Structures are given as structure tokens and as C-alpha cells.
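Let's walk through this one piece by piece. Keep the viewer open as you read.

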Amino acid sequence: MVKEIERAGLPVVHICTIVPISLTVGANRIVPAVAIPYPLGNPTLSKEDEKKLRRGIVEKALKALQTEVTGQTVFEK
Amino acid sequence: MRLELGKVLIKDMQFGNQTKVENGTLFINKEEMLNAISGDDRIKGIELDIAKPGEETRIMPVKDVIEPRVKVEGPGSIFPGVLGKADVVGSGKTNVLKGAAVVTTGKIVAFQEGIIDMSGIGADYTPFSKTCNLVVVCTPTDKLQQHEHEQAVRFIGLKAANYLGEAARNVVPDEVKVYETLPFAESLKQYPNLPRVAYVYMLQTQGLMHDTYVYGVDAKKIVPTIIYPTEVMDGAILSGNCVSACDKNPTFSHCNNPVIEDLYERHGKDYNFVGVIITNENVTLMDKERSSNWTAKLAEFLSLDAVIISEEGFGNPDTDLMMNCKKISDKGIKTVLITDEYAGRDGASQSLADADRSADAVVTGGNANEVIELPAMKKVIGYLEPADIIAGGFDGSLRPDGSILAELQVITGATSEIGFNKMSATTL
């Protein structure tokens, strides 16, 4: 899906737990997620901390979307 | 560490007045057995049944398959740290009822449970159609949570196997096979000129009832470590898995791991089989990185020339497989991988979710997406209804006449990634 949408001319950020698979598949902008059963959250955190975590991932993804890349890039920070 | 495995060959299984082995028949006192395995108040009923090779019987949904064994001499007991103390097992003498198995079934726990047909085409695809099966049907109490249900059934299955295993304690085995692995420094001296080979044994540990236990420890909480191969034969590793039926390792398969068996077969001839590295398949990237770093570190520490790596399950564990392969290869150590494939019903899609250039020697256990038609059976032990919802089934899998159309995924042990079946492929 990532590749087909990019082929149509739209930039895509792939939020994904297992970054190596995303790299193998060919995503260009990759934001690491938390864990396979809960990619965008963490049930072990308090509600407040989990919200902070979630917002952080979404903001990172939005920033990645606006960042020019020249090759496959993993946005760690 | 040296283990004598005594095989008591079982050709038939019947209920009788006394639990005993006589002329290759395992007689089971049903009432005594029920007493031995009952007592968990999370389970409101247990029924026992027998399914033999060639019968028109379907067992489903299958949770685990366990081989009855008993520790005759040496420390510990079968399934250490779970049913007995956490003594180190794998030495002395163990007797096994070869040809018998315990199969657990009952109301479905989770959607990834399997089918065993005792005859017909389905029987060809599972190794457990060739064993005389004591089937344990557990009915949970109402509203029992899934993980509690899984745990209760797992323990009842293990207890059932150990109960039957006791029948082998005082029987003179039909065959005895000896397995021995020396302490590392001694094994290097024993065969200094043979390539040093170890087995990297990946255990399914994705959590949410995709779990494997080592001496009772949930393997997602271990860092990779070294284990003597014979420990595995005494039940040091067991399955708590509700993962796709075709490529999870039932406890039976762990105890009979063909990779270990074959490495022993060639030990001292072609290889110096120095031991087993166990590792896990966890759900965060850091866990995957850490564990694969450690398998590579241990492979280097053991000065290995080559490893065989087996996967359990599919999907994201394909990445664990590739990370192990890449990092061990980077140390200059040769690798051979064993996996299976999810290549689509026509076999034309990419087989694994991940790939790496270093994975240049790969053995497959078959394509789990292949569609198969299982004829109706005269007798069903368990329930047919889950056919539509177990992994590999789909809406309409179960037909009104009792036949099932589904992917091979539904058959217990069909595409075993430790080679505990007979499917594979060669490149022409």
C-alpha cells in the first residue's frame, strides 16, 4: 500500500514496529512504532503517559511527511 | 550430558481395568486417569476418548500434542519447572511410549488451533495421524478468560502425558538410543577436525497466548542461552501456543526435534554438534535486536563454523529469522535456515515477510496457504464449528455435509519448521 500510494505521487510515512520489514518492502519514510500488538500505544503506561507517547508518534510522523528524503529514512528521534 | 532414551513401542491403545503396557498395547484406566488430571476448578468437565490411525475420526480444535515420557534414572522429571522441580534434566534414562500421544481439545481458546484427521487426505498432512491418540476434551467454566483457559488446558495435557508416561517406567524398552553431548571444552578435544555446528532454536514468544516455556519460564523473558540437546528430550521446552496450527511446534515435536536428532546422527562423522542456542521471537524491535545480537554473540563465543536456525510461526518472526541469519553470517559463520512459506494460494507471492542476502541456504516446510479439501469424518472429537474462524479457515470453510475447505494452515504440524513432517520443496 505504501508503495502504490507513493507511485501515485503522494508522500507516505509508514509507522511500523518492525522497521526491517518496512525497509525490505521499500518504504521511504519510516517511523518506528511501539510493539506489534500495540503499535501506537502502550497498555503498561498510565493514560496520561500513553497519550503523550501517542501524540509524540503522530507528530513525528507529520514531521517526517514534510521532510525531504533522498533515500529510505528511519525517523528515530 | 548423556541420555539413554528407551522406546517402548505402542501399536494399540484401549481403555481397560489397569493402566499398563502389554504386548505393545497401552491400556488406560479411564477413571484413574481422570482422577489424576482433574482438580482445576476452571474446567467443569473432562472427557477422554481414543483416536487411532486409519479411523474416520477428526479431532478439532487441537491445542497441543504431547508424547508420554517418564524419567527412569537421573535428576528431575519430565516438564521440569512446570510439573516438577526445576532440576536440570537430560541425563540418565528416560522411557517413552513411542507411538502414543495425548491430544488436547475442547471449546476453542483462540482462533489459531488445528485439525487432526486420522484418515483421508488430511491424515497425510499431519504426523499425529500416525500415533494412537488419547484425546482429552476439556470444557471450561462459563466466562473463563482465554489466557486462564489456555493455561488450564495446557497443564491438564501435560499431566495426562505424565500419567500415561508412568506406564513406561518399569517396562523393558524395545529399543534404546543413547545421546551424548560433552561439556564444550571436552567436545572440542573430542573431534578437533570436524566443523563445529550448533542449532539456533527459535521459540515462538509473541505473547497473547503465543508462548513457549523453558523450565517453566515464559521464553519471552529470557535472553538467548545455551541448552544441552538432551534437556529438550525431557520436556525442558514446551508449547503454550495458540498460534497457527501448521507451523507451531507442539510439545510432542519439541521432545522429538528432528534437527537435534539428525545433528546427533552426524555428530562425530560429519560435524561436531556442540549444543543448542535457544532464542525467542518477541514483539518489539528492541527485543528482536537484543535477542539476535545475543544469538550471534553466543555463536561467536562457541567458535562455531556453522549453525542451523529454525523459525517457529510466521510473519514478524521472519524478521527474527533474518536478523539471526545476517548477524551470525556477519561473524563468518555459515547458516542454514528452516522456515515455511505463506506464498498465497497459488504459491506465486513472496514467501516470507522479510529477506536478506545472507539467507542463501533455506529449507522450506511447505506453503501454508495451499488450499485443501478435507472429507467429512464419521466421528468428531471436539467441535467442527471453529473451522470457519481458525487461522486458515474462512467463512464457509465448514460445509453442511461436514467436509472442510481451508488452507493447509489449519492442519496441526503440516508445515513444521523443525522438519517434523514430510513436506518440503527443491529448486529445479
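**A tour of the two chains**

In chain A, 25% of the 77 residues are buried, where buried means that 20 or more other C-beta atoms lie within 10 Å of a residue's own, exposed means 12 or fewer, partly exposed is in between, and C-beta atoms are placed from the backbone. This is a predicted model, in which local features need pLDDT of at least 70, side-chain atom pairs count only at pLDDT 80 or more, and totals for chains, interfaces and linings use all residues. Residues are numbered from 1 along each chain as its sequence is written, while chains are lettered from A and ligands numbered from 1 in the order in which they are written.

Staying with chain A, its secondary structure amounts to 3 helices and 3 strands; helices (H or I, at least four residues) and strands (E, at least two) are DSSP runs, numbered from the N terminus. Along the sequence they come in the pattern α-β-α-β-α-β. The C-alpha atoms occupy a box of roughly 40 × 25 × 20 Å along the principal axes. Of the contacts in chain A with a separation of 6 or more, 41% involve residues 24 or more positions apart. Two residues are in contact here if their C-beta atoms, placed from the backbone, lie within 7 Å.

Now for where the chains meet: 10 residues from chain A and 13 residues from chain B take part. On the chain B side, helix α9 (residues 317-329) gives the largest share, 3 residues. By class, that side has 7 nonpolar, 5 polar and 1 charged residues; Ala, Val, Leu, Ile, Met, Phe, Trp, Tyr, Cys and Pro count as nonpolar, Asp, Glu, Lys and Arg as charged, and the others, Gly among them, as polar.

Next, pick out Leu337(B), which sits in strand β21 (residues 334-341) of chain B. Leu337(B) counts as buried because it has 26 C-beta neighbours inside 10 Å. Leaving aside neighbours within four places in sequence, its contacts include Ile309(B), Leu321(B) and Val363(B). The C-alpha atom of Leu337(B) is also 9.4 Å from that of Val200(B), 137 residues apart along the chain.

Helix α8 (residues 285-301) of chain B has 17 residues and spans 24 Å from first C-alpha to last, close to the 24 Å expected at 1.5 Å a residue (that is, 1.5 Å times one less than the number of residues). Among its buried residues are Lys288(B), Trp294(B) and Leu298(B). Just after α8(B), Ser303(B) has a positive phi of about 50°.

Most residues other than glycine have a negative phi, and most peptide bonds are trans. Leu208(B) has a positive phi near 50° and lies in the loop between β14 (196-204) and β15 (210-214) of chain B. With 13 C-beta neighbours inside 10 Å, Leu208(B) counts as partly exposed. Tyr215(B) also has a positive phi near 50°, and is found in the loop between β15 and β16 (217-218) of chain B. Tyr215(B), however, is buried, because it has 22 C-beta neighbours inside 10 Å. Finally, the peptide bond joining Met60(B) and Pro61(B) is cis, with omega about -10°, and Pro61(B) belongs to strand β6 (residues 57-62) of chain B.
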